[in-house]
Amino acid sequence: GVRVELMRSLAARGAGGAAPVIEGMTADPERSVRLAAAQALGVLAAERSRGPLISLLLKEMNGGVREAAMESLKAVAKEFPRRSIGPVLAVMAGASPEARWAFLHVLPAVGGTEALDAVRRSLEYPAEEIVNAATRALGEWPDSGPLDELIVLSRSGAGQTQRVLALRGAVRLAGLPADRPAANTAAMLAM
């Protein structure tokens, strides 16, 4: 509809002043409007949009809208990582499994010790999809901090999916710049 096209146009123009109106559209009863709002907020990546995107992730039942909100929250978190971690962690512990899954995909964009600790805690969650999302998050980490952990998980993870995700993540992180000699990294992967 018209509102969807208007939001797309405003986002394409980088009209940050429209963010408050677009944020309001995240609560619209129409799925297509919520989806367009979530997508537009990711393009604009305004810090003030973090709260409405977190709220949308917490209550949205439609997978497509939830995924768009997740991607947009990632964009905001990349722009404002230090100011994003507190609000995400504050709601993550009590979130539904679907919302927790989405937040786990956002945390690598935030990075840092607090976010990494939250991902590690999620490895103990009782639902397999959350454990796998946490493993994937470790593999998408912006530095090689979780490399050792991923190597261990690639060998002794709870299930085949977790072991494969851990191996892929370990290979990715091994290729990142680190303070260890390349020979040490190769030896870690060969174990």
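Helix H3 (residues 31-44) packs against helix H5 (residues 63-79) with the two axes 7 Å apart and an angle of about 15° between them. Keep in mind that this is a predicted model.

**H3 with H5**

- Angles under 35 degrees count as roughly parallel, and H3 and H5 are therefore roughly parallel to each other.
- Their crossing is left-handed.
- On the H3 side, the residues that meet H5 are Arg-31, Arg-34, Leu-35, Ala-38, Gln-39, Leu-41 and Gly-42.
- H5 brings Gly-64, Val-65, Ala-68, Ala-69, Ser-72 and Ala-75 to the contact.
- Sort the residues of this H3 and H5 contact by type and you get seven nonpolar, four polar and two charged.

**H8 with H9**

- Helix H8 (residues 113-122) and helix H9 (residues 128-139) have axes 8 Å apart, and they pack at an angle of about 145°.
- The crossing of H8 and H9 is left-handed.
- From H8, Leu-116, Val-119 and Ser-122 take part, and they meet Ile-130, Val-131, Ala-134, Ala-137 and Leu-138 in H9.
- That contact is made up of seven nonpolar residues, one polar and no charged.

**H9 with H11**

- H9 also packs with helix H11 (residues 160-174): the axes come within 8 Å and cross at roughly 10°.
- That angle makes H9 roughly parallel to H11.
- H9 puts in Val-131, Asn-132, Thr-135, Arg-136, Leu-138 and Gly-139, while H11 answers with Thr-161, Gln-162, Leu-165, Ala-166, Gly-169, Arg-172 and Leu-173.
- By type, the residues of the H9 and H11 contact are five nonpolar, six polar and two charged.
- Val-131 and Leu-138 of H9 turn up in the contact with H8 and again in the contact with H11.

- In soluble globular proteins, nonpolar side chains tend to be buried together.
- Take Phe-103: setting aside neighbours within four places in sequence, Phe-103 is in contact with Ile-54, Leu-57, Leu-58, Leu-73, Val-88, Val-91, Met-92 and Ala-95.

**Single residues to look up**

- Ala-115 is in helix H8 and counts as buried, because its relative accessibility is 1% and the cut-off for buried is under 20%.
- Ala-115 and Ile-85 are 30 residues apart along the chain, yet their C-alpha atoms are separated by 6.7 Å.
- Leaving out neighbours within four places in sequence, Ala-115 is in contact with Ile-85, Leu-107, Val-110 and Trp-141.
- Glu-23 is in helix H2 (residues 19-24), and at 8% relative accessibility Glu-23 counts as buried.
- Again leaving aside neighbours within four places in sequence, the contacts of Glu-23 are Leu-41, Arg-48, Ser-49 and Pro-52.
- Ala-45 is in the loop between H3 and helix H4 (50-59).
- The phi of Ala-45 is near 45°, a positive value in a residue other than glycine.
- Ala-45 also counts as buried, at 13% relative accessibility.

Definitions and conventions. Residues are numbered from 1 along each chain as its sequence is written. This is a predicted model: local features need pLDDT of at least 70, side-chain atom pairs count only at pLDDT 80 or more; totals for chains, interfaces and linings use all residues. Side-chain values use heavy atoms; hydrogens and water are left out. Contact means heavy atoms within 4.5 Å. Axes are lines fitted to C-alpha atoms, for helices over the stretch in contact, and angles run from 0 to 180 degrees between N-to-C directions. Helices (H or I, at least four residues) and strands (E, at least two) are DSSP runs, numbered from the N terminus. Angles under 35 degrees count as roughly parallel, over 145 as roughly antiparallel, 65 to 115 as roughly perpendicular and the rest as oblique. A crossing is left-handed if the near helix is turned anticlockwise from the far one by less than a right angle, and right-handed if clockwise. Ala, Val, Leu, Ile, Met, Phe, Trp, Tyr, Cys and Pro count as nonpolar, Asp, Glu, Lys and Arg as charged, and the others, Gly among them, as polar. Buried means under 20% relative accessible area, exposed over 50%, partly exposed in between (1.4 Å probe, protein chains only).
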